[in-house]
Amino acid sequence: EVVFSVLGEDTRANGTEGEREVDNWTLLLYKDGRLAEAGTSDSGSAIRKKLAAGDYTAFAVVNPPATFRAADYPELDDLAGAESDLRDNAPGRLVMAGSRTVTVPIPDGGTQRIGVDRLVCKAGVRKISVQFDNPVLAERPFLLKAVYMTNCYGKSRYGRDWDAEDILSDGSRWYHRLGILSEGGLEGLLAERGIDATLTADTPHVQEHSFYFYPNPLPETLDTRSGTWSRRHTRLVIEAQIGGRTYYYPVTLPASRRNRTYIIEEAVIRKLGSRDPEEDEPGAIDVTFSTATDDWSPTFTVTETS
């Protein structure tokens, strides 16, 4: 008998309670690349299996969609290459996956812990300040309306992240294309609207807004601002009303990887933004990314200010 767990010191999905919560998980055991055993837990509890001697790949899928069935993945390659949709996630119930090799019998008989990573990345902003260089603009009311993510690739794989050449321009595989919040049911993951906070030079908005999205590995050379849809970088957009007119402040994220954080410590508004959430107005916003270790492990560090 071998005991498997996704909880404990080897689990790589640290974070807040909601970000590391295990509602249920599925264990798939592959021997010589073929599914040998499987089991499920309706909580974070361990799964016990009686196994014949030999080498196994133990694969754990945490918080999978209701349609997930071990029998649909008879070979290890089937599971590693299988896709998850961003909609499979919810705040407080994030999909995670991981694997390890186990040789049976276990010499010490100890619990076999499978480290899991979230399939999503985390982006956010902790502080938004207004420091207009133009004194005339400083007199106009500034109302923070929304913060959200755009150009988010909607698919990830259980086994590993996509390479850049795997990312397709097919619009059905992307959410919030060209800055348009067109898909319902993703508010908790990709958008926070109706903030309606008034900012001045003396009263910044100090509140963390966090979002969860699937990795986008496209390098900087493949980014575009074209008004015609094609694949491009993921962006975090700050939407505001200044003097009653709507302006956008998009922040382009670097190529991203699962289980990493991309946190803006402070965004400082300097001038009027663009009238299109996909366009950039040079000098409109200064952004400082966090360089401190965050709750997620590991934390991606961005050192430059843009």
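The following exercises, each with a worked solution, concern the structure shown above.

The model is predicted, so local features need pLDDT of at least 70 and side-chain atom pairs count only at pLDDT 80 or more, while totals for chains, interfaces and linings use all residues. Residues are numbered from 1 along each chain as its sequence is written, and side-chain values use heavy atoms, with hydrogens and water left out.

**Exercise 1. The nonpolar cores**

Determine which residues of the largest nonpolar core touch the most other members, and state which strand gives the most to this core.

*Solution.* 

Step 1. A nonpolar core is a set of buried Ala, Val, Leu, Ile, Met, Phe, Trp, Tyr and Cys residues joined through side-chain atoms within 4.5 Å. Buried means under 20% relative accessible area, exposed means over 50%, and partly exposed lies in between, with a 1.4 Å probe and protein chains only.

Step 2. The largest core has 55 residues, and those touching the most other members are Leu79, Phe142, Met149, Tyr158, Leu190, Phe213 and Tyr249.

Step 3. Strand β10 (residues 121–130) gives the most to this core, namely five residues. Strands (E, at least two residues) and helices (H or I, at least four) are DSSP runs, numbered from the N terminus.

Step 4. Another core, of 19 residues, lies apart from it; Leu27, Ala58, Ala60 and Val104 are among its members.

Step 5. As general background, nonpolar side chains tend to be buried together in soluble globular proteins.

**Exercise 2. The surroundings of Tyr249**

List the residues that Tyr249 touches, not counting residues up to four places away in sequence.

*Solution.* 

Step 1. Contact means heavy atoms within 4.5 Å.

Step 2. By this criterion, Tyr249 touches Phe142, Leu236, Val237, Ile238, Ile242, Ile269, Lys271, Leu272, Gly273, Ala284 and Ile285.

Step 3. Tyr249 belongs to the largest nonpolar core.

**Exercise 3. The cysteines**

*Solution.* 

Step 1. A disulfide is a covalent bond between the sulfur atoms of two cysteines; the criterion used here is a pair of cysteine sulfur atoms within 2.5 Å.

Step 2. A search of the whole structure finds zero disulfides.

Step 3. Cys121 is buried, with a relative accessible area of 0%, and Cys152 is also buried, at 0% relative accessibility.

**Exercise 4. A four-stranded sheet**

State the strand order of the open sheet of four strands, and identify its edge strands.

*Solution.* 

Step 1. The order is β15-β11-β17-β18, and the pairing is antiparallel.

Step 2. The edge strands, each pairing on one side only, are β15 (191–199) and β18 (245–252).

Step 3. Strand β17 (residues 235–242) is joined to β18 by eight bridges, and Leu236 stands opposite Val251 in β18.

**Exercise 5. Aromatic pairs**

Find how many aromatic pairs the structure contains, and classify the pair of Phe68 and Tyr158.

*Solution.* 

Step 1. Rings of Phe, Tyr and Trp (its six-membered ring) pair if their centres lie within 6.5 Å; planes under 30 degrees apart count as stacked, over 60 as edge-to-face, and the rest as tilted.

Step 2. A search of the whole structure finds seven aromatic pairs.

Step 3. The ring centres of Phe68 and Tyr158 are 5.7 Å apart and the planes stand at 75°, so this pair is edge-to-face. These two residues are 90 residues apart and link distant parts of the chain.

Step 4. Phe68 is buried at 8% relative accessibility, and Tyr158 is buried with a relative accessible area of 2%.

Step 5. Tyr153, Trp162, Trp174 and Trp229 form one aromatic cluster. Both Tyr153 and Trp174 are buried.

Notes: Pairing = 2+ DSSP bridges.
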